[in-house]
Number of protein chains: 2
Amino acid sequence: MASGAPATRQQSSKDEPYHLIYWPGIPGRGEHIRLVLEEAGAQYTDTAFTEDGINEVLGFVKGKVPDDGINSPPLAPPILEHGDLVISQTSNILQYLGTRLGLVPDADKDPNGVYRVNALALTALDGLSNEPHDCHHPVATGLYYEDQKEESKRKSEDYVKNRLPKFMSYFERVLGSKSSGSGPWLYGSALSYADLVLFQCVDGVKFMFPKAMAKLEREGKHTKVFALHKAVAERPRIRAYLDSPRRQRYSNGIYRYYEELDIEP
Amino acid sequence: MASGAPATRQQSSKDEPYHLIYWPGIPGRGEHIRLVLEEAGAQYTDTAFTEDGINEVLGFVKGKVPDDGINSPPLAPPILEHGDLVISQTSNILQYLGTRLGLVPDADKDPNGVYRVNALALTALDGLSNEPHDCHHPVATGLYYEDQKEESKRKSEDYVKNRLPKFMSYFERVLGSKSSGSGPWLYGSALSYADLVLFQCVDGVKFMFPKAMAKLEREGKHTKVFALHKAVAERPRIRAYLDSPRRQRYSNGIYRYYEELDIEP
């Protein structure tokens with residue numbers, strides 16, 4: 001059962017459900033982690049849907065969670081708890097989960113495949129998640145968008161004109177490389193967590209910059225990237241997830257729609 | 001021998017030297033990787049010091065390097081070659097090297113320690129390397145600093161006032177946690193690559209924002225972070241490296257000194 005419904009918390013065990021600690025109300029960086037858990041059919045709980053979830057997040061953010069003696073205190077969500085383990089950082093959690101849940105290359109056949117997949121995920125997060133976030137917060141994450149609108153417009157213009165095509169073309173090149181193998185996936189002819197990350201990135205950027213993405217789709221130079229987005233959405237467990245109430249709507253998170261930033265490049 | 005001098009390149013073997021591909025002339029993101037290689041006494045070559053190194057970097061950046069069929073093409077340096085393996089992304093390369101060179105917790109005793117160390121390194125890179133970079137390039141990496149000076153000033157003011165103290169206080173908290181153990185290191189009473197990353201971050205921020213860092217040092221609330229910086233600099237191999245011509249000076253890379261951005265918080 002993959003579900004946002006609360007499950008009983010147990011002490012460390014192999015079958016322990018995963019627990020995602022992330023801001024309720026937005027897909028955000030937590031969404032990459034949800035997609036991995038959903039694709040794998042893993043059992044997990046999620047502060048987006050647990051009673052008092054927001055206070056659990058705030059406990060970590062404010063440093064109120066007691067020092068447990070084995071885990072470094074995390075700075076910010078997403079945070080994953082699994083048994084006694086508490087780890088943070090999106091790409092790090094993805095790598096931990098991907099390795100346990102079969103979303104990295106088989107370690108016996110391709111021991112370094114996990115590093116190749118990690119590089120792809122990090123690159124997608126850099127250019128198609130962190131940079132879009134900075135388009136609406138170029139000056140300070142602590143200020144409102146309304147306090148940095150002019151700078152946001154300038155950064156978004158550069159993003160849709162230069163950065164977005166650069167990253168889209170890069171992933172098109174990866175998908176066309178021999179290392180990607182056959183089928184729609186980035187590496188080694190098999191689905192990995194990097195594909196789920198790229199799906200979510202493309203999905204979010206389509207929401208935030210629909211004009212720029214429609215233009216890229218029309219131009220037909222990134223057909224493999226758009227095909228990957230479609231192929232992930234058609235995975236049975238991902239489809240069921242996307243159609244469920246667990247898939248939260250984009251709002252004031254990483255990907256935001258502001259008409260004045262929806263620039264035609 | 002740890003040296004920037006060219007070594008004969010061989011085909012894949014366990015004793016193959018490492019080869020770092022990074023922009024010559026700046027420490028930049030490559031410096032984290034150099035520090036790991038130097039601390040471990042590993043044999044490596046570095047495009048900063050090889051003949052025609054810049055063209056090797058540009059070959060990757062321009063996508064001219066032929067598709068080798070096993071490695072995904074990287075987008076940008078730093079890139080590490082080791083035998084047949086070619087990987088990119090700073091934190092990813094650090095994790096690969098740290099695991100091979102004894103700069104992560106012993107996998108038998110602490111199998112998840114590598115994820116805890118990775119989270120610390122990623123957090124330091126986020127707040128004390130990527131954000132300082134964005135302070136002089138808040139609008140567009142493709143534009144000159146001179147074309148985004150006003151925005152840079154605004155972002156730097158926020159950085160020294162809010163973000164820098166936040167990250168410094170976070171690492172002070174980690175160093176004071178039970179999980180850090182005894183001694184000056186971040187995790188498990190032992191030096192890991194996360195300590196080398198934090199050293200380089202503190203070092204670079206001291207160069208870029210000397211007034212803000214001097215104030216933090218005077219206030220005495222981050223004594224453990226500054227002590228870690230000193231303890232890394234005193235490691236014999238790191239000391240020898242820092243005193244060698246292989247340690248490049250800060251210039252127009254991640255950490256830059258602009259008087260107008262050297263704001264007293």
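A:Arg34 is buried, with a relative accessible area of 0%; buried means under 20% relative accessible area, exposed over 50% and partly exposed in between, with a 1.4 Å probe and protein chains only. The structure is a predicted model, in which local features need pLDDT of at least 70 and side-chain atom pairs count only at pLDDT 80 or more, while totals for chains, interfaces and linings use all residues. Residues are numbered from 1 along each chain as its sequence is written, chains are lettered from A and ligands numbered from 1 in the order in which they are written, and side-chain values use heavy atoms, with hydrogens and water left out.

**Exercise 1. The surroundings of A:Arg34**

Task: State in which helix A:Arg34 lies and which residues A:Arg34 touches.

Solution. 
Step 1. A:Arg34 belongs to helix α1 of chain A. Helices (H or I, at least four residues) and strands (E, at least two) are DSSP runs, numbered from the N terminus.
Step 2. Contact means heavy atoms within 4.5 Å. Leaving aside residues up to four places away in sequence, A:Arg34 touches several residues, among them A:Leu20, A:Tyr44, A:Asp46 and A:Tyr241.

**Exercise 2. Strand β1 of chain A and its partners**

Task: Determine which strands pair with β1(A), and in which sense.

Solution. 
Step 1. In a regular strand the side chains alternate between the two faces of the sheet. In β1(A) (residues 18-21), A:Tyr18 and A:Leu20 lie on one side, A:His19 and A:Ile21 on the other, and all are buried.
Step 2. Two strands pair if DSSP finds at least two bridges between them. Over three bridges, β1(A) pairs in the parallel sense with strand β2 (residues 44-46) of chain A, and in β2(A) the residue opposite A:Leu20 is A:Asp46.
Step 3. β1(A) also pairs with strand β3 (residues 79-82) of chain A, here in the antiparallel sense over three bridges. In β3(A), A:Glu81 is the bridge partner of A:His19, and A:Leu80 stands opposite A:Leu20.
Step 4. Together with helix α1 (residues 30-39) of chain A, β1(A) and β2(A) make a right-handed β-α-β unit. A crossover is right-handed if, with the strands pointing away from the viewer, the path from the first strand over the helix to the second runs clockwise.

**Exercise 3. The hairpin of β3(A) and β4(A)**

Task: Describe how β3(A) and β4(A) pair and what lies between them.

Solution. 
Step 1. A:Ile79 and A:Glu81 point one way from β3(A), A:Leu80 and A:His82 the other way, and all are buried.
Step 2. β3(A) pairs with strand β4 (residues 85-88) of chain A over four bridges in the antiparallel sense. The bridge partner of A:His82 in β4(A) is A:Leu85.
Step 3. Two residues lie between the strands of this hairpin, and A:Gly83 in the turn has a positive phi of about 60°.

**Exercise 4. Salt bridges within a chain**

Solution. 
Step 1. A salt bridge is a side-chain nitrogen of Lys or Arg within 4 Å of a carboxyl oxygen of Asp or Glu.
Step 2. The side chains of A:Glu260 and A:Lys149 form such a bridge at 3.7 Å, N to O. A:Glu260 is partly exposed at 32% relative accessibility, as is A:Lys149 at 38%.
Step 3. B:Lys215 and B:Glu219 form a salt bridge at 3.4 Å, N to O.

**Exercise 5. The interface of chain B and chain A**

Task: State how much area chain B and chain A bury between them, and which element supplies the largest share of the side of chain B.

Solution. 
Step 1. The contact takes 51 residues from chain B and 52 residues from chain A.
Step 2. Buried area is the accessible area (1.4 Å probe) that two parts lose on being put together, summed over both. The two chains bury about 4,600 Å² between them, 50% of it on carbon and sulfur atoms. In chain B, the residues that lose the most area to chain A are B:Leu75, B:Tyr115 and B:Arg154, together 15% of what that side buries.
Step 3. Two salt bridges are found across the interface. A:Arg154 and B:Glu151 meet in a salt bridge at 2.7 Å, N to O.
Step 4. Elements that each supply at least two residues of the side of chain B that touches chain A include α3 (90-100) and α4 (113-136). The largest share, ten residues, comes from α5(B).
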